[in-house]
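Me: Could you take a close look at one part of this model with me? I would like to talk about aromatic rings.

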Amino acid sequence: MLPPSVRLWRQATNTEPMGTQRIWILPDFLASQIAAGEVIQRPESVVKELVENSLDAGATQIAVNVRGAGKQLVHVVDNGCGMSREDLALCIRRHATSKLRSAEDLHRITTLGFRGEALAAIAAVAHLEIRTRTAEEHTGWRLLSEPDAQPRIEPWAMEPGTQVFVRNLFFNVPARRKFLRSDLSEFRLVSDLMVRFALAAPHVRLTFSDERTLIFDLPAGTLLERLERLFGEEFARALIPVEAAEEGVVLSGFIGHPQQARPSRAQQFLFLNGRWIQHKGIAHAVFTAYEQLLEPGTFPPFVLYLQLDPERVDVNVHPQKHEVKFEDERFIYGVVHTAVARALQSHNVAPTLGWELAQAPLERQPDPQSGQVLVNRLTGEIVLPERFHRRAAPVGVRPVVLPAPSVPSPAPAQQPELAELPPSPRCWQLHRRYILWETPQGVRIVDQHVAHERVLYERILRLFERGEPLPQRLLLPLTVQLDPAAFATLEELRSELERLGFELRLLPPNQVELQAVPAELPPGREEQLLCELLESYREYEQHVPGGVRERVAAALACRMAVKSGEELSELQIRTLLQQLLECRLPYVCPHGRPVFVELPLEELDRRFERR
Ligand code: ADP
Ligand code: MG
């Protein structure tokens, strides 16, 4: 009995390998089948390739119908540009594409497809029918293809566009067929894919059905409309918009409110130049921007779109193109992280800080209707009294702007007056541990250590970002003895520490000479701080989200912050509260403890009410 490969060889070529020859060229049909395995693994891959072709063809309407989870039939109809008879004959050949002409094109791919492999791969493992017509021609064409046989082409009457039918997937590759999962799981994969397409192209009407059941029919619209259709109005309304544009990188889309976080990443969608991608780094950039606003083990939903010059990214690293390589990953990480952090901050994801109001150039003015209103002297905007009572301004609600007053707006000469010191907050230290802080809404109790930690944490991170250390030379270099674990940690963190202003000389096996320290470090405690930093860094590996820098910053901040039990002067308290107000996320410390608790006036009133 001949081995199966030789039998195949004989069938294909009708020749016998020569006596000593062990290498032979795979017959075409076998080579195509193997190649097909790279591109087409399951019904989901068929749907993906076909819908991508429809999008590339400029379709504004695409309908997808599957039968047997796509194992029996995948049918895709589009109103795109269609194909001529010549192109139709070519399109199922391997490496046949209209999208890539030269090697340079490969570096600036703007279409979803470009390898010219999908239709060939499908034709190798299924019965394929394509009907197509261009707008210029009066009639269309139909192609019927079966693996290993000459395709047939005949005229076909139809509207402009393309219809593709893929029947009996893997009928000729039993091993592949066996590898498929149950209809239910295959169907899930297809429908997840369809949701991604729906988000990738909200401007395209997209219909998806399973035999006779309509799964969705989404009209063309805006992204927000599409999100409403897919996930419900309530969900969409709570989302927070994100926008950024920096050095050719454009980011847009929505992120979830921390309360919308889910125990899985299923609602995280990232698109790069219209293509759905998976990218751990970017997901991480989003995640860490939430810091401790998320419950442990939950992930924020997001739908984000990155646009950048195709030359700055390589989509050619994976046959399915889900993974991409950015030329400048760190930069893109930064853009995403900052934009998300800014969006969260500007949408009051935590209670608003009452003192902000007092600080802004706001003025109480008598109002005939409601007694008193607050007016922003800079803009003439009237901020309604409700602002005082609302804890967090809901997303999308802006202060009402009344018509400009008839009084002439203040002349620029009056402006310096606005810079006068804001009224001081009323505050007291309690038990050398807490700060009691009166706010327009009630009372806020601040943990002095945690608050200071937060302030320092952000300041250190900013130092990292600026990357312009201010080293303070030590009069005499300090030699510090470390244990082997601490020494290893120091080696790992060295470059980051130097970015902060440390200057170190490592003296293996376990000594380090401290030559300079960041100017911000309190003098006299350098050695102790370094040791403690190395110690807590490891501890924080588990608790602080983010990378090396976040952990170094958290460890340093914790060690440098005022301790519980320290007496603070009034000025120190005020400075601390002032700095806290300037924080990006003043509500939690780097490892998740709350900075303050809020006691609203209504709550106090309620407790004193007569029963
Ligand atoms: P690729 O998309 O990588 O070019 P495919 O094998 O998917 O390779 O398709 C081959 C070619 O067939 C495409 O380049 C395109 O010119 C043509 N084509 C495929 N599907 C469509 C469609 N729905 N409408 C118009 N042209 C299509
Ligand atoms: Mg394609």
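Is Tyr-305 buried or exposed?

Reply: Tyr-305 is buried, at a relative accessible area of 11%; buried means under 20% relative accessible area, exposed over 50% and partly exposed in between, with a 1.4 Å probe and protein chains only. A word on the basis: this is a predicted model, where local features need pLDDT of at least 70, side-chain atom pairs count only at pLDDT 80 or more, and totals for chains, interfaces and linings use all residues. Residues are numbered from 1 along each chain as its sequence is written, and side-chain values use heavy atoms, leaving out hydrogens and water.

The whole structure holds 7 aromatic pairs, where rings of Phe, Tyr and Trp (its six-membered ring) pair if their centres lie within 6.5 Å; planes under 30 degrees apart count as stacked, over 60 as edge-to-face and the rest as tilted. One of them joins Phe-231 and Phe-235, a tilted pair with 5.5 Å from centre to centre and 50 degrees between the planes. Phe-231 is partly exposed at 24%, while Phe-235 is buried at 12%.

Your Tyr-305 pairs with Phe-271: the ring centres are 5.1 Å apart and the planes lie at 15 degrees, so this pair is stacked. Phe-271 belongs to strand E11 (residues 268–272) and Tyr-305 to strand E13 (residues 302–307), so the pair ties together parts that are 34 residues apart in sequence; strands (E, at least two residues) are DSSP runs, numbered from the N terminus. Phe-271 is buried too, with a relative accessible area of 0%.

Elsewhere, ring pairs link Phe-187, Phe-208 and Phe-216 into a cluster.

How values were computed. Chains are lettered from A and ligands numbered from 1 in the order in which they are written. Helices (H or I, at least four residues) and strands (E, at least two) are DSSP runs, numbered from the N terminus.
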